[in-house]
Amino acid sequence: MIKDIASFITGSARIAFKGNATFYAWIAFLGLVFLWGLAAWWNQFQQGLITTNMRDQVSWAFYIGNFTFLVGVAAAAVMLVIPAYIYNWKPIKEIAIFGELLAVSAIVMSMLFVFVDVGRPDRVWQLMPFIGTPNLPSSLLGWDVMVLNGYLALNLLIVLHLLYTGFHGRPYKRNFVVPLLLLSIPAAVGIHTVTAFVYAGTAARPFWNSAILAPRFLASAFCSGPAILLILFQILQRTTSIKIKDEAIWKIAELMAYAMFLNLFLFGAEIFREYYSNTHHLIHTQYLYSGVHGHDALVPYAWASLICSVVAFLLFLIPATRTNLVTLNIGCVLIFAGVYIEKGMALVIPGMTPDTLGEFYEYVPTLSEVRVGAGIFAVGFLIFTLLCKMAIPILQDAASGEST
Amino acid sequence: MSEKTLDRRTLMISAGLSTMAGISAAASGKSVGWVERLLNRRFVELSDERREEILAELEEACRKKYDRDDITVTDTRALDGVEFAYGLDLSRCVGCRRCVYACVHENNQSRDPQIHWIRVLEMKKDNGIDFAESDIYYDPEEVPEPENFYLPVACQQCRNPACVKVCPVKATWQEPDGIVVIDPDWCLGCRCCMSACPYGARHFNWTEPTIAANEINPDTHIFGNRPRPKGVVEKCTFCIQRTRKGRYPACVEICPVGARKFGNLLDEEGEMRYLMREKRVFVLKEELNTKPRFYYFFAT
Amino acid sequence: MHQQEVVDIEQNEEGYMEKKTGPDPAPPKSDKLLPGSSSLAVLLVVFMTVSFLVLFSIIRGGVGHVTESEGGIRAFGPTEVTGIDFEIELLPGTREAISGPEEGDYLVPPPPWSESGFFPCSDCHSEMEVNPEHRVLEEMHDDIELVHGPADRWCLDCHNPDDRDVLRLVNGRLISFDESYLLCGQCHGTIFRDWRQGIHGRRQGYWNGGKSYLLCAHCHNPHAPAFHTIAPLPPPVRPQFLAQAAQEEVQEASHE
C-alpha cells in the first residue's frame, strides 16, 4: 500500500514535470508571475493592507471580487458531472474529471484570495472548528470556510482516487467515486449559495441585499465556469489522444446557453426592480451603469460586461455559431470576461459605493493588488496544468489499454 | 468554560501553529500573548488569574513601545443594572468637530494613517436627512452655516447588531451594558463587520497605527482605547474606560454646545429617560431593525 | 502536425476501458487547425486589451478629482489644534466625586465677569442716582449692545435698579448672579426645564455621580445671547489621500 502510494507520488511527479519546450516555457512563465505576485504579497504582509486601495469606505474590493468569481468557477465544474452521471451521458463521462481538476484549482485560488485579503493572516486558524472559535451558525463567512474546505476535500478525494487507480492501471471503484460525484452536485450548489448569502444577508448594503442574488450567482457561475473547460477540451483534442467527442462540447455549450439566458433574465429582473421602484437604493446601480455626480470609473466596465454577456449568449444560442469553433471560442472568452467583471468588481464595488453614509470613494486596484492577484492566478493555473498533465496520460493509457 | 488540558493533540497542534505564528508574528508585529492565545481561548473565556496575567503583559508591551511608565490596561467589567444610551441633539450641533478630535485624543486613535471614530455629516436643511447628499469633508470658515445642519455618526451600539452576527470568529460581541466591543487580539481583519455595519462605524487599521508617545492617553481598557495592532478593526466603545467608572464619554464632555447626552437607560430619573419622555427621539435607518442605542432628537 | 490515432473507447461490463469495434466516426465538419489557432489568437487579443484597460485605469485612477479647497487632503491630530483642552479637566469637586448613584453634587464655575474687576457693581452704583429712562447708554457700558428680545427691552428689565449686585425677577424677588438661570427661565421656560435635567447645555463629570454644569450666561452672553459661529476643526483625510497624508508630500501640495 505504502509502496503504491510512494510510486504514485513519484510517478505522477515525473509525469507532471516532464514535457516539451512549450510546456516548460509555460511553467516558467507561471513561476515568474507567481514570484512577482509573492513579492508584492510579502510587501503587503509587512506594511499592511494600506498597499491596496481599499479604505474604510470600500473595504472589500479586488481580492474579494476575485474570490467570489472563482468560487463560481469551482461550482461550475459540476456542470459536467450532471449530464455525465445523472443522465449517464457517455461523451462527457470520461472527461468529467477535468471538471474536478478545475474545481480543485479554483477552490485553492479562491481560498488564497481570502487569505491575502484578511488583515491578520496569522490568525486564520481561528476559523477552524475545535481549535478556533468559528461563529456558527450565525456567520456566513464561517459557513463559507466550512463548505469550501469540504468541497476541496471532496474533489481532492475524487481526483486522487481516479488518478491513483488510473496510474496503477486499476479500474476505479465506482461505488466509492460515483456517490462522491453525486454529492459534489449539491456541494457545488451549496458553496456558491453560501458565498452568495455572505453578500445577500448584508442588510446594510442594499445593492447586495436581494433574494435574487443567490440564483444570479449560480446562473452566472454555470454560464462562465465551463468556458475554460471548453477551451481546454479543444486543446486536448488537438494535442492528446484522448477522444473528446465534439458532441460533448456542443452539449456543454448548450447547457451554458440555458444558464446564460437565466443569468440575463435574472439580471433584467434586478434592473427592472431598481429602475422602476426608483428608491434610494437605485444609486448603486446608477453608479455602476451611468455614474453619479461625475463618479464613473466603473461605467465602461459595466457596459463591457453586459455587452460581452449578451453577445456570448447569442453566439451560444444560435446552433450555427455554437457549433462553429471560431465563434464558440469567441463566445467563451466573452462570457468569461463578462462574468469576471459582473461577479468581481461590478458586484463588490457598487455594493460599497456610495458607502453607508453616502460618500463616494472611487476605488481602482493598485499595482500591488494586481500583482498579488496575478500571482494567485499563476498558482491556480500551475495546479491545473500539473493536474491535467498527470491526468492526461492516465486517461490516454486507459484509452489505448497500453502505455504509449 | 474550563481551561484546556494540555493533551497530546493540543500540544501537536500548538507546536505546529506556534511555528507558523512565530514566523508570521515576527513579521506582522507581535500581538501580546500570542503563544498563549494558541493554547487558550478568547480573552473573555479565560480565568481571572489568566486575564490578569495577560493584562500585565499588555501593559508591559505598551509601556515599552511608547516608553511611558504610566500606561495601564484594565478590563473593567460592566456595571450591574446599567444599559447605556446616547442622545444627540440635532438642533444644537454646530458641526465644530471637537467631539471628533476629543475622541481621537481620548481613545488613542492612529494619527497616521488617520482614523476618526466619529464622522460629522453636513446636510442641507432643505433636504432633511439624506445621506446621499451629505458631506463629511466640509471646511468653511465658520460653522454652522445657515443653510446646513450637522449630524455626527459613530457606532450606534445596536441592540440587534449586524456586525456581531457576521463576525466569523466571535471577535466582537455585545456586553451586558450594551457596548459592542472588539477584541483586538482575536480579530482576523476580514472586515465582514465593516461590510455589515449600516452606519460606517467601524474602521480598519490598514497599517501599523502611529501615535506620538506624548499624546497617548495612559488609562486604557483592553477592549477600548488601548493602542490597537495593525490589521484589526476598531470603533467607538462609548469610552468604555471612562463610562464603566462612571464618567461621561469624552465627546459628551467636550461638546461646546451640549448637544451630546449620555446615561443609564434603566435609570428612570436619568437624563436619557427624561429626553425620551419629553423629546421625540428617532434612530438612523430604523428599517434595518438594528435597534440602536444612539438616539437623535431635536430639543427645540 | 502530429497525427493522432482516433480511438473510440468505452467502459465494458467489468468496468475496464476498451476499444470500441465498429466504423470510425465521421470527422468533424469544421476544419481542425485553422479555426482553433485563430480563435486562440482572438483570445490573446481580447486578453491583452482587457489587461491594457485595467492597467490604464490603474494609472489614471488614484488621487481623484479633489481640489485643495474641498478639504480632506491633510491629516490633523488633536495636538495641532491649539486652544482646545482635550484633557477636559473637571472642577475639583467633581473630580473627587465618588462615582456612584449620588445626588446633589452639582458644581458650577463662577458667573461670567464676576472676577473681572467689574463686580461688585455697587462699588460705583451705590453712590449713583437711578435713571429709569429707556435710552442708549453713552457714558459707561456703551460697549454693550443689547440684542435680546423685543425692541423695547432695556437694562433695568433684568438688573435691579436699587442694588446692582443682584438681579430682579418679574415678581420682584431678588436673586444673586449665581442663580441667574431663574431669571432666564422666566421667559425661556422649556429650555430652563431641559437645562435643569441636563438636556440643555454642556455637562461634565459622572453620569452616575457628581457633575459640573454651566450657567446660561457662561455660553450665552445675556446682552446678545445668539450663539456665535465658530471655526470648525479640520475635516478628516479623504480615503484617496490616507496613505499619502502620512507623508509630507500632500501637505506641500495643499499649501500651493
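Analyst: Start with the residues that touch. In α4(A), the residues A:V78, A:M79 and A:L80 meet A:F222, A:P226, A:L229 and A:F233 of α9(A). By class, this contact has seven nonpolar residues, no polar ones and no charged ones. Keep in mind that the model is predicted.

Now the geometry. Two packed helices are described by the angle between their axes and the distance between the axes. Helix α4 of chain A covers residues 78-86, and helix α9 of chain A covers residues 213-239. They pack at an angle of about 80°, and their axes are 9 Å apart. Angles of 65 to 115 degrees count as roughly perpendicular. Therefore α4(A) and α9(A) are roughly perpendicular to each other.

Next, step out to the interface of the two chains. Here 47 residues of chain A are in contact with 60 residues of chain B. The size of an interface is often given as the accessible area lost when the parts come together. Chain A and chain B bury about 4400 Å² between them. Of that area, 54% is on carbon and sulfur atoms.

What about polar links across this interface? The rule finds 33 residue pairs in polar contact between chain A and chain B, with both residues at pLDDT 80 or more. Two elements of chain A give two or more residues to the side that touches chain B: α2 (21-47) and α7 (140-167). The largest share comes from α2(A), with four residues. By class, this side of chain A has 20 nonpolar, 18 polar and nine charged residues.

Charged pairs come next. Side chains of opposite charge can pair when their charged atoms come close. The rule finds three salt bridges across the interface of chain A and chain B. One of them joins B:R191 to A:D117, and the closest N and O atoms are 2.7 Å apart. Over all chains, a search of the whole structure finds 34 salt bridges.

Another salt bridge lies within chain B. The side chains of B:R50 and B:E53 meet at 2.6 Å, N to O. These two residues are three apart in helix α3 (residues 48-66) of chain B, so about one helical turn separates B:R50 and B:E53.

Finally, look at the backbone in the loops of chain B. The peptide bond from B:D112 to B:P113 is cis, with omega near 5°. B:P113 lies in the loop between α4 (98-106) and β3 (119-124) of chain B. A cis peptide bond also joins B:V143 and B:P144, where omega is about 0°. B:P144 lies in the loop between β3 and β4 (148-153) of chain B. B:R97 is a residue other than glycine, yet its phi is positive, near 70°. The loop that holds B:R97 runs between β2 (84-89) and α4 of chain B.

Key
Residues numbered from 1 in each chain as written. Chains lettered and ligands numbered in written order. Heavy atoms only, no water. Contact = heavy atoms within 4.5 Å. Buried area = accessible area lost by both parts, 1.4 Å probe. Salt bridge = Lys/Arg side-chain N within 4 Å of Asp/Glu carboxyl O. Polar contact = N/O pair within 3.5 Å; in protein donor to acceptor, adjacent residues only side chain to side chain. Nonpolar A, V, L, I, M, F, W, Y, C, P; charged D, E, K, R; others polar. Axes fitted to C-alpha atoms, helices over the stretch in contact; angles between N-to-C directions. Parallel < 35°, antiparallel > 145°, perpendicular 65-115°, else oblique.
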